[in-house]
Amino acid sequence: MIIIEFEAFSILSHTKVNDFVNFLEKGKIIGTICKKCGKKYFPSVTDCRKCLSNQFEWVELDNKGKLETFTMISVPPSRVQDYIPPSYNFNHYLIGIIKTNEGFRVMGWIRGLKLEDIEIGMDMKCKPLIFNRRGRKRVTIELIPLK
Ligand SMILES: [Zn+2]
């Protein structure tokens, strides 16, 4: 699950974090592709786990894909509780992973579906969701059915 606290994001260089966040605020999701071996990553990494290269190309996703897997969380871990978007049921919320048309796997909160309405392979889009909680701006990803 991608959860970004603007003040405490240490995976990427400062410049790249700003780029990443700027794109998210515009509703765009950016993935990275290893320039050496072509492996795709979301969220971004600084070193390729396959070939150890640190050279990456940033690509904008079209945000559409198919649901690969999902699960229902009945009791969130305490460290996650501040990151659950306000519009979501605190208990019994759904999360899933879509594989985008470009081949990136994106995990997010599933919006607007009941457990019995979800099917593997259904068309969904991923969308950044920005909200405030406890005085901090947070960014996460929602998965929304296309129909
Ligand atoms: Zn690589």
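I looked up Ile110 and found it opposite Leu143 in β9. Strands here are DSSP E runs of at least two residues, numbered from the N terminus. This is a predicted model, so I kept in mind that local features need pLDDT of at least 70, side-chain atom pairs count only at pLDDT 80 or more, and totals for chains, interfaces and linings use all residues. Numbering starts from 1 along each chain as its sequence is written.

Next, the strand partners. I see β7 (residues 105–110) pairing with β9 (residues 136–145) in the parallel sense, over two bridges; pairing takes at least two bridges found by DSSP. On β8 (residues 123–133) I get ten bridges to β9, in the antiparallel sense. Pro128 sits opposite Ile141 in β9.

Then the turn. β8 and β9 make a hairpin with two residues between them. I checked Arg134 in that loop: its phi is positive, about 50°, and it is not a glycine. I count Arg134 as exposed because it has 6 C-beta neighbours inside 10 Å. My cut-offs: 20 or more other C-beta atoms within 10 Å is buried, 12 or fewer is exposed, in between is partly exposed, with C-beta atoms placed from the backbone.

Last stop, the loop between β3 and β4. Leu52 lies there, and its phi is positive too, near 70°. Leu52 counts as exposed because it has 10 C-beta neighbours inside 10 Å. I also found Pro43 in the loop between β3 (40–41) and β4 (56–60). The peptide bond from Phe42 to Pro43 is cis, omega near -5°.

Technical notes: Helices (H or I, at least four residues) and strands (E, at least two) are DSSP runs, numbered from the N terminus.
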